[in-house]
Amino acid sequence: MAQNARLDHHDPLVFDTHELGRRPGALQRLTRTVEAPRDLGIQSVIGVPQGAPVELELRLESVMEGVLVTGTARAQAEGECVRCLEPVGLELEADFQELFSYPDADDRGRVIAEPGDDAEDDEDRFYLEDGLFDLEPLLRDAVVLALPMQPVCQDDCPGLCSECGARLADDPDHHHDAVDIRWAALQGLAGSLEDGEKDEMSGGAPQSARADEKQEK
Ligand SMILES: [Zn+2]
Ligand SMILES: [Zn+2]
């Protein structure tokens, strides 16, 4: 569907290359600040909130086959620390480069990406449509690559207390005396169980089990 949908030049992530022209070597630099589209980032880990400003710096270069687009996106990403769940914010800087090909060769009466012949090759290729290109897929890939898969609030974040969930970075001396007492009680219990087992062993239960095995053979 998206492939056949005409690009809308009002879409802030759609760029026009008409001004650049088709003379190879021609260059155009442009900047644009857009609102972040939905789900820009790594889902439920870290990303640029929808509507947050994304600063785009683009360099368009006319080459034989099309327009080479090189650029950088800058935005503020937000997520949470994978260890302590505190909010994490970071300055995102994502670089991208892609060639948008002229569809001319396919324009002579044929529909681009017609099933069959070159459909597989075409999947990874980007085309100019009426001199327009859509930056969104490029931007999405670049942002995901530039973001950490496991964001942390600080490199040595100690995470949360496994007992009470307290954030250990806030309280380095955090500990639970009550746990020690319970541990002591458990250890005492374990000790008495061990004694009981030893009594049973000496009572010969395992030996009688072995004897049963032998009888079956
Ligand atoms: Zn943390
Ligand atoms: Zn705790």
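In this predicted model, Pro 158 lies in the loop that connects H3 to helix H4 (177-202), helices (H or I, at least four residues) and strands (E, at least two) being DSSP runs numbered from the N terminus. When neighbours within four places in sequence are set aside, Pro 158 is in contact (C-beta atoms, placed from the backbone, within 7 Å) with Leu 168 and Ala 169. Ala 169 is 11 residues from Pro 158 along the chain, and the C-alpha atoms of the two are separated by 6.0 Å.

In helix H3 (residues 136-146), the buried residues are Leu 138, Leu 139, Ala 142 and Val 143. These lie on the same side of H3, because they cover an arc of only 125° around the axis, the arc being that of the directions from the helix axis to the C-beta atoms. Their cover includes the strands E3 (40-42), E4 (46-48), E6 (66-80) and E7 (87-101).

The chain as a whole contains 5 helices and 9 strands, which follow one another along the sequence in the pattern β-β-β-β-β-β-β-α-α-β-β-α-α-α. Of its 217 residues, 18% count as buried, and 61% of the contacts between residues at least 6 apart in sequence join residues at least 24 apart.

Residues are numbered from 1 along each chain as its sequence is written, while chains are lettered from A and ligands numbered from 1 in the order in which they are written. As the model is predicted, local features need pLDDT of at least 70 and side-chain atom pairs count only at pLDDT 80 or more, whereas totals for chains, interfaces and linings use all residues.

Key:
A residue is buried if 20 or more other C-beta atoms lie within 10 Å of its own, exposed if 12 or fewer, and partly exposed in between; C-beta atoms are placed from the backbone. Two residues are in contact if their C-beta atoms, placed from the backbone, lie within 7 Å.
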